[in-house]
Structures are given as C-alpha cells and as structure tokens.
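Dear colleague,

I am passing a structure on to you, and below it I have set out what was found in it. Please read the notes with the structure open beside them.

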Amino acid sequence: MRTKNSSGLSKSFTETCSAIASGVIGVALVFLFTVFPLIYDNSYINILETKYHYFCIFAIGMLGTLLALGIIMACVDLIEFRGVHTRHFFVGFFSRRENKAALFTADMAVLIFWLSSAISTLLSAYPKEAFLGNKGRYSGLFLLNLYVMCYFAISRLWRPKKWYLDLFLASGMILCLLGITDYFQMDILDLHKAIAASQATIFTSTLGNINTYTAYVGLIMGASAAMFSLEKSPPKILWYYFCMIVSFTAIIMGCSDNAYLSMAALFGGLPFVLLANREGIKRYLIIIATFFSVIQLIDITNQIFADRVIGLESLFLIIVNSGCLIYLVMLFWVLTLAYMSFHKKHEETLGSSPSFSGKSLVFWWGVLIAAFMLILCFMFFDANIRGNGARYGALQSYLVFNDSWGTSRGYIWKKSLELYSNFPMPRKLFGYGPDTFGLLTNNKIRQEMVEATGLFFDSAHNSILQYLLTIGLVGTGGYLVFLLSSMWHMLKNRQRNSYILGVLFAVACYVLQSTVNIDLPIVTPVMWALVSMGIAGCRASKEV
C-alpha cells in the first residue's frame with residue numbers, strides 16, 4: 001500500500017527514484033576515482049587526450065543514464081500520480097523548500113560561470129575552438145558544460161556516503177606509490193620508454209607532468225590530513241594517518257614547486273578548525289611533527305640511495321641543508337608528546353577550565369597568519385623595489401619577481417595582464433573564448449614570447465589569469481565565488497561528517513596551487529567531483 005503525504009507525494013516512489021539516481025551517480029564516481037586517474041594509453045604521449053576522453057565517457061554516460069531514467073520515472077509518475085512528483089522536483093529545484101535554500105550561492109555562481117563561458121564562446125573569433133578546446137588543453141565550453149552539469153547532478157541527486165572518499169584515497173595510494181617508485185627511477189610501469197631521457201624526471205605516475213601529479217597528490221593530502229584530524233574510530237585514524245604519510249612522501253618526492261602552495265593551504269588553514277578544541281590541537285601537532293619527520297626520512301633515504309634517487313629540489317632542499325631539520329623534528333614530537341601527556345592527565349578537569357579558550361587560539365592564529373603575510377609582503381617589496389634580493393640567500397629565487405620567475409611564469413603573467421588591459425570592454429567582460437589562450441598569444445606575442453623565454457605558452461599557468469583572459473571578468477568572478485562559497489558551505493557543515501572537511505581541504509589545496517598551475521582534464525574533473533560531493537553533504541544537513 002502506497003502512503004502519500006499532504007502534497008499527494010508517494011514516499012516509496014520518491015525513495016525509489018532517489019535511490020536509483022544516487023546509485024547511477026555512485027557508479028560514475030567509483031569509475032572516476034579508480035579507473036580515471038590510473039588509466040593510460042601510449043605512455044605519457046597522449047595522457048591528456050586519454051584522460052579527457054575517458055572523463056567525457058564517464059560524464060556523458062552518467063548524465064545520459066540519469067536523463068533516460070528521469071524520462072521513464074516522469075512517465076510512470078504521470079500515469080500513476082498525475083505527474084505530482086515531477087512538478088515537485090522541478091519546483092523544488094528553483095525555489096525554497098523545507099525551509100532550505102534550493103539554490104546555494106555556489107549554485108548561482110556556477111550558473112554565472114557557465115553562462116559567461118557560453119557568451120564568451122559565441123563572441124569568440126574562434127567559436128569552434130572555444131567550444132571544443134582542441135587548440136588548447138581540451139578545456140573548452142564542451143568540457144565546462146560537463147563540469148557544471150555533473151556538479152548539479154551530484155550535488156542534488158547523490159546521497160552522501162563517506163566510503164566514496166575512502167575509495168578516492170585508496171586509489172590515490174596507488175598513484176602516490178607509483179610516483180614514489182619513479183622518484184627512485186624504477187619506472188615499474190615502463191612509462192618513460194617513449195619520452196626523452198632528459199625529460200624522464202618531469203613525468204611521473206599515471207598522471208604525466210610532475211605539476212599535474214603534485215596537484216592530484218595535494219587533493220589526497222588535504223583530504224587525508226583533514227579526515228585524520230576529526231576521525232574518532234581507531235582503525236580509521238590509522239588508515240587516514242597512513243594515507244597522510246604516503247601523500248606527504250609523494251608530494252615532496254614530486255619535486256614540483258606548486259606543492260608548497262598546497263601545503264600552505266593545509267597547514268595554514270587547518271588550525272582555524274582544529275585549535276578550537278584540545279583534541280584538534282593534539283591532532284595538528286601530530287600532523288606537523290609527522291610532516292617534518294617525513295622530510296627527515298627522505299633526506300636519510302637520499303643519502304643511502306644517492307645513486308638511485310632523483311633528489312630534492314628548491315625549498316625542501318633548503319630545509320634539508322639548513323641543518324635545523326632534525327631539531328624541528330625533535331621539537332615538534334616533544335611538543336606533541338608533552339601536550340598528549342598533559343591532555344590525558346587533565347582531560348576530566350580541563351573541560352570546565354576557564355583558562356582555555358579555543359576561540360582565542362583561533363584568533364591568535366589569524367593574527368600570526370596576518371603577520372606572516374605582512375612580513376612576506378615586506379620581503380617582496382625589499383627584494384624587488386629596493387633591490388635587496390641578495391640578502392635573502394637561497395630564497396632570492398622565490399622573492400625576486402622577474403620574467404624568468406617560476407620557469408618564465410613571471411613573463412607570461414605580466415604579458416597576460418597587458419593583453420587583458422588592451423581588450424575592448426566586451427572581451428574584458430567575457431574573454432577571448434574558453435581555452436583559446438594559445439590562439440591569443442600566438443596572434444599577439446608569439447615572436448616576442450619565444451625570443452624572451454624560448455618557450456611558447458598556450459596557458460597562463462595561473463587558473464585565475466587563464467579564466468580572466470578566456471572567459472572574462474564575469475566568468476572568472478563566478479568561478480571564484482563558486483569555489484569560495486562552496487568551501488564556506490562545507491566549513492559550516494563540517495561537523496556533520498568528517499568527509500566534508502576532507503573535501504574542503506582537498507579543494508583548498510587544489511585551488512591555491514592552481515594559481516601557479518594549469519587546470520587540466522587530468523586532475524580538474526576530480527576537483528569538481530569533490531566540490532559536488534561536498535555540497536551534496538551540505539544539502540543533507542539542515543544548515544545552509
């Protein structure tokens with residue numbers, strides 16, 4: 001016997017339809033988290049095309065199946081219930097229901113992002129290329145459409161389950177371990193056979209370029225560390241701790257500078273959540289102590305296997321050569337053990353102690369971060385405006401901003417801003433066309449660019465600048481609001497399920513590193529899926 005509520009809705013029919021839709025999405029997520037990151041075809045030669053095509057297959061397959069099932073369900077609803085469930089679904093999609101906002105700020109922002117991308121494509125001098133992205137990195141309107149449609153499907157129809165993120169971490173461990181073995185130049189999958197020996201060290205795992213690899217590992221690192229910080233089940237704590245150690249090892253051995261920004265997002269952001277309670281303080285100290293221990297162990301390993309490993313570079317090499325690493329390791333473990341002992345001894349009495357204020361610690365952490373940013377700004381000013389870069393020693397290469405900064409990122413960023421400033425107003429608002437940056441630079445500055453850097457840039461190597469020039473100020477604003485508001489929603493709902501905080505920090509690590517990296521259909525589809533899962537978790541909460 002079917003039961004109906006006052007609106008004439010059948011609970012069993014609604015539950016059945018919801019379960020079927022969630023199941024279809026769940027299957028697609030399983031493939032996205034397992035098959036997609038590990039699959040390859042002809043070594044690294046066509047890794048981008050392979051990942052792009054397989055994501056399109058997964059996304060279109062999921063969306064097409066949902067559409068077909070939706071039509072069938074609508075027909076059954078029309079015959080059995082006169083279409084009341086279908087009307088309720090569409091009305092609820094665009095209006096307030098059950099005292100909850102049907103459209104989050106993130107939803108509105110992503111619609112602006114999509115609309116601007118569509119207008120940009122129509123206004124582009126290269127509409128076909130802007131739609132397909134075939135003259136760039138396949139991130140044209142077609143792919144952006146898939147991102148947005150998958151976002152709405154997952155965030156609205158998927159029933160949150162924590163084990164999907166565990167599956168993401170499990171497949172991530174395989175990726176990380178492949179990258180670690182590549183650091184030892186083992187190449188167990190024989191993927192380096194088709195590339196020049198001089199480029200062997202900049203391609204790793206099943207993801208290609210080390211910048212792409214560390215972007216993906218940043219997702220794993222952010223998720224595992226955040227979930228470790230909240231988990232209460234001992235077996236799960238060990239699992240997330242293991243994933244965190246492996247991801248720390250992998251991202252350091254990835255030898256890519258964008259890893260530093262992922263780490264900044266993690267270590268700078270976690271205290272705003274963890275310092276509010278004593279257990280969180282303990283977990284954060286463990287995370288910090290473990291991180292420096294991993295660096296120390298890698299340094300020891302490098303000395304033992306000096307003839308086999310690629311070797312550390314840049315900031316990690318500076319830390320190792322400073323001579324203070326071992327003291328940092330000992331300091332943080334002593335602090336960790338001392339705090340754990342203190343916490344255990346007084347755990348029953350400290351709960352009511354007025355001397356402890358989590359909010360106060362969070363506030364002072366914010367002050368510390370602000371002070372650090374001011375010092376960093378002064379160092380940039382001193383190194384660039386005053387010309388005192390030499391006084392900062394090994395940090396000079398990071399502080400002195402010129403055309404060669406960041407493998408010529410300094411040049412292309414400067415030229416990107418010049419090109420944007422010369423756009424007419426319609427292009428300033430809507431850009432040159434999705435993923436047409438290479439066409440723009442080829443038409444405007446190719447000869448100058450090659451003469452100045454010896455390189456041809458078909459990407460700004462900065463996701464924000466890339467979107468600014470290709471989909472304009474409107475689309476870039478929508479994209480940033482989408483990401484920031486999504487993370488804000490997840491922050492508010494983090495207590496509901498630890499996977500929400502895991503998603504939050506995975507996305508935060510990705511977003512910050514993308515300011516020096518490229519959005520590619522190798523890692524970016526997974527980031528969009530994680531955002532969608534996080535918002536789905538927020539929708540399951542009463543809090544919006």
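Does Cys255 count as buried or exposed, going by relative accessibility? Please keep in mind throughout that this is a predicted model. At 16% relative accessibility, Cys255 counts as buried, because the cut-off for that class is under 20%. Cys243 counts as buried too, at 0% relative accessibility.

For Cys243, which is in no disulfide, the nearest cysteine sulfur belongs to Cys176 and is 8.5 Å away. Cys255 is likewise in no disulfide, and the nearest cysteine sulfur, again that of Cys176, is 14 Å away.

As for the overall build, the protein has 24 helices and two strands. Its radius of gyration is 25 Å, close to the 24 Å that the globule rule gives for 544 residues, so the protein is as compact as a globular protein of that length. The C-alpha trace spans about 75 × 70 × 45 Å along its principal axes, and buried residues make up 54% of the 544 residues. Where contacts join residues at least 6 apart in sequence, 76% of them join residues at least 24 apart.

Helix H21, which covers residues 463-470, deserves a look of its own. Seven of its eight residues are buried, so the helix is largely enclosed by the rest of the structure. The buried residues of H21 include Ser463, Tyr467 and Thr470, and the helices that its buried residues pack against include H4 (105-123), H6 (141-157) and H22 (472-492). Asn517 itself is found in the loop between helix H23 (498-513) and helix H24 (524-539), and it is buried, with a relative accessible area of 5%.

Turning to charged pairs, the count comes to 13 salt bridges. In one of them Glu231 pairs with Lys162, with the closest N and O atoms 2.5 Å apart. Glu231 lies in the loop between helix H8 (210-230) and H9, and Lys162 in the loop between H6 and H7, so the pair ties together parts that are 69 residues apart in sequence. Both Glu231 and Lys162 are buried.

Another salt bridge joins Glu279 and Arg283, whose closest N and O atoms are 2.9 Å apart, and both of these residues lie in helix H12 (residues 278-304), four residues apart, or about one turn of the helix. Glu279 counts as partly exposed at 26% relative accessibility, whereas Arg283 is buried, with a relative accessible area of 8%. Asp382 and Arg386 also meet in a salt bridge, at 3.7 Å from N to O; Asp382 counts as buried at 0% relative accessibility, while Arg386 is exposed at 51%. There is also a network in which salt bridges that share partners join Asp107, Arg156 and Arg539.

At the surface, finally, Tyr40, Met186, Ile188 and Leu189 form a nonpolar patch with about 350 Å² of accessible area together. Leu189, which sits in the loop between helix H7 (163-183) and strand S1 (203-204), counts as partly exposed at 33% relative accessibility. Leu238, placed in helix H9 (residues 234-253), is exposed, with a relative accessible area of 61%.

With kind regards

Conventions. Residues numbered from 1 in each chain as written. Predicted model: local features only at pLDDT ≥ 70, side-chain atom pairs only at ≥ 80, totals over all residues. Heavy atoms only, no water. Buried < 20%, exposed > 50% of the residue type's maximum accessible area, 1.4 Å probe, protein only. Disulfide = S-S within 2.5 Å. Patch = residues over 30% accessible without salt bridge, like charges linked within 9 Å, V, L, I, M, F, W, Y side chains within 5 Å. Areas by Shrake-Rupley, 256 points an atom, 1.4 Å probe, with all protein chains shown as cover. Salt bridge = Lys/Arg side-chain N within 4 Å of Asp/Glu carboxyl O. Rg over C-alpha atoms; globule rule 2.2 N^0.38 Å. Contact = heavy atoms within 4.5 Å.
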